[in-house]
Amino acid sequence: MTAVAGRRRVFTGLRLAVLIAFVAIFLIPIYVLLVTSFKPLTEADPGQAWNLPQTWTLEAWRVAWEKLAPGLWNSVLLAVPGSLLSCVLGSMNGYVLSKWRFPGADLLFTLFLFGMFIPYQGVMIPLVQLLVGLNELTGLQGVFYGGIPGLVLAHVVYGIPICTLIFRNYYVTIPDELIEASRVDGAGMLRTYGSVVLPVSAPAIAVVIIWQFTALWNDFLFAVFLTGPTSWPATVMLNNIAGAQATPYSQQMAAAILASIPTMLIYVLLGRFFMRGLMAGALKG
Amino acid sequence: MRRARTWLPGLLLVAPSIVAIGVFVYGMLGWNFRLAMTDEHDEVTEGKFVGLDNFISLWDQPRWHISVNHAIVFTIVFVLGALVLGWLLAFLMEKGIRGEGTFRAIYLFPMAISFVATGIVWRWLMNSGMDERAVGLNRLFDAIGLPQWQWFRDPDWGMAAMALPAVWQMSGYVMALFLAGFRGVPEELREAARVDGCTEWGVYRHVVLPLLRPVTLSALIILGHISLKVFDLIVAVSGKQIITDVPAVFMWVAVFDSHDPAKGATIASYIVLSVAIFVIPYLVWSVRKERRT
C-alpha cells in the first residue's frame, strides 16, 4: 500500500510541476507587456529586452493613453449599448424557442445557429454596401457606414444566434409546470415572461452581457470594414498605433494593456459567468 | 397541432430576429455569392453575370495558392496544438489538484484579450532579429543556448510559428471543455470498470476516452472555424505581408487596396464554403442528438 501511495504522491508532484511550468509559459507575454510598458526610451536596447526597468516610468502609459483615449471611448459607445440590445433580443428569442414554441421552432433554431459559425467575411461586402446605402437613403453621413451605430447594428444582428442559444439553454431548465400554471391563471405570453421567466433570468443575462461585451470590445474585423477614423474603436486604433514604425515598444505595450483592461477586469471579477458563456459557445448548455 | 392563437404571439416576438437573420445572414451570404459570380471588378461598373469564372480564375493567382497553403499549415498546427495542449492540461487537473482554480484562471485568461493586443506582444516575442539584434524569444533562446529562429518570417515554417499565439490564446478554452468532459464521466462507471479488473489506464482507455468524443468534436469544430477565418491575429502580428497571407487578409486587400468587389466576394465565398462543409453536418447532427435525448 505504501508503495502505491508513494507512487501516487510522485505522480501528483509531477502533475503539479508540469502545470506550474505551463503557468510560467502562459505568463511570459504578460511579463513582457508589463515590464516593457514601464521602461523609459533610454532602455529600449535589445540587450535589456528581458530585464526589469532600471528606472520605472509612466511616460509610455501617458502617451499611449493620449493616443488611444478616443478609441477607448468609441469602444464604450459600441460595447455597452450593443451588449444590452443583444441581451433583450436573446432573452425574447430564447423564451419563445424554449417555452412558447411554434411549429418549425427547431428548424428555425438550427438556422439561427448556423449564423453563429459563418465566417463574417462572407457577409462583409454586402453589409458594407447596405450600410453605405442606408447612409445615402437617410442622408446621415457617417452614421451607418463609418459610424458607431452601423457597427452596433452589425454586432447585435450577428450576436442573435449565440445570445438566443445561451438564453434558450438556460430557460429550458425552468420547469414547464411553472409556465403552465401561469397560463392556467390566464396570463398571456408577455405576462408569463414578466412574472415567471424574467425574475430568474439574472444568471443568463450576466452571461450574455459579459460574452457580448467581450466580443464587441475585442472585435477587429467588423470595425476595420465598417468604421472610419472618427469612429475607430480601441482595437483598430491600437493596431494603427502599433503598426506605425515610429511607435516605441513601450508605448505599444502600454496601449495594448489599456485596450485590454475592461475585458481583463470582467474576466477577473466575473470569470464564472465568462466560463458559462464559453461553454454555451460549445453548444453544451 | 395546437391552435394558432397559442403559438402566434411567440412567432411575432421572434419575428424581428427572423427577419434580421434572414436578411443579414442568409440574404447577405446569397448576395455575396451572386456578387462573386459577376465581373464587377471595380466599384463603378455594374457587373454582368459570369457564372463560376471568378471561382476558377482565382486559382491562376499565385497569391491565392500561397494564402490557401498558409491557411492549411496554420490550421493543422493551431488545431492540433490547442487540442493536445488543452487536453494535456485538463488531464493533469482532472483528478483535482491544489490550486486548481488558479491554474484554470491563468490558462483561460488569454481568451479575454483581443487578438490585436496579444498580436503586439507576440510580434515582439517572435521578432526575427538574431544575436546582438535579437529581442523577444530569440534573445531568451540565445541566453539559454537554444537555436534562434526566423519565426513567422521563415519561408517554410512561418505559418507554424504564427499559430503559436493562437494556441496560447485558445488552449485554455479547450482545457475548460475537456475538464467539463472529464468531470461529466460518472464515477460509478469508472468504479464498475475497476471492479471488472481494469487498470487505471484501462479505465481511461475504455471508459473515459470514448465518452470524451463529443467534447473533442465540439472543440475541433470551434477551433477549425476560428482557424479558417483567422484575420485579426495575422494583421496584428505582420500586417498585409504576403509571407503570412491567408484568405481573410487577401480578401481585405482585394476589397480595400485592389477595389475589386467581385474578387473579394469570391475569396469570401471560398472561406464560407470551407467552414460550411463541416459545420452544417455538425449542426444537423447535434440538433438531432439533442432531440433524441
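## Contacts and burial in chain B

Residues 24 or more positions apart account for 66% of the contacts in chain B with a separation of 6 or more. Two residues are in contact here if their C-beta atoms, placed from the backbone, lie within 7 Å. Of the 293 residues in chain B, 44% are buried. Buried means that 20 or more other C-beta atoms lie within 10 Å of a residue's own; exposed means 12 or fewer, partly exposed in between, with C-beta atoms placed from the backbone.

This is a predicted model: local features need pLDDT of at least 70, side-chain atom pairs count only at pLDDT 80 or more, and totals for chains, interfaces and linings use all residues. Residues are numbered from 1 along each chain as its sequence is written, and chains are lettered from A and ligands numbered from 1 in the order in which they are written.

## Fold of chain B

Chain B holds 13 helices and 0 strands. Helices (H or I, at least four residues) and strands (E, at least two) are DSSP runs, numbered from the N terminus. The C-alpha trace of chain B spans about 80 × 75 × 30 Å along its principal axes.

Helix α3 (residues 62-93) and helix α7 (residues 158-183) of chain B have axes that come within 6 Å and cross at roughly 40 degrees. Axes are lines fitted to C-alpha atoms, for helices over the stretch in contact, and angles run from 0 to 180 degrees between N-to-C directions. The crossing of α3(B) and α7(B) is right-handed. Right-handed means that the near helix is turned clockwise from the far one by less than a right angle; anticlockwise is left-handed. The contact of α3(B) with α7(B) has 23 nonpolar residues, 4 polar and no charged. Ala, Val, Leu, Ile, Met, Phe, Trp, Tyr, Cys and Pro count as nonpolar, Asp, Glu, Lys and Arg as charged, and the others, Gly among them, as polar.

## UniProt annotations

An unreviewed UniProt entry places "transmembrane region" at residues 7-29, 71-93, 105-125, 157-180, 230-255 and 267-285 of chain B. UniProt positions are in the numbering used here, feature names are shortened, and annotations may be inferred rather than shown by experiment. Residues 71-93 of chain B are 100% helix, with end C-alpha atoms 32 Å apart. Residues 230-255 of chain B are 62% helix, and their end C-alpha atoms lie 17 Å apart.

UniProt also records "domain: ABC transmembrane type-1" (unreviewed entry) at residues 68-284 of chain B. That span is 73% helix and 0% strand. In chain A the annotation covers residues 72-270, a span with 78% helix and 0% strand.

## Positive phi in two loops

Most residues other than glycine have a negative phi. W151(B) has a positive phi of about 55 degrees. W151(B) sits in the loop between α6 (136-143) and α7 of chain B. It is buried, with 23 other C-beta atoms within 10 Å.

H259(B) also has a positive phi, near 50 degrees. Its loop joins α12 (247-256) and α13 (261-292) of chain B. H259(B) is partly exposed, with 13 other C-beta atoms within 10 Å.

## Chain A and the interface

Chain A is divided into domain 1 (2-37) and domain 2 (61-281). These bounds come from an automatic or database domain assignment. The domain centres, taken over C-alpha atoms, are 35 Å apart.

In the interface, 72 residues of chain A are in contact with 78 residues of chain B. The largest share of the chain A side, 15 residues, comes from α11(A). That side divides into 52 nonpolar residues, 16 polar and 4 charged.
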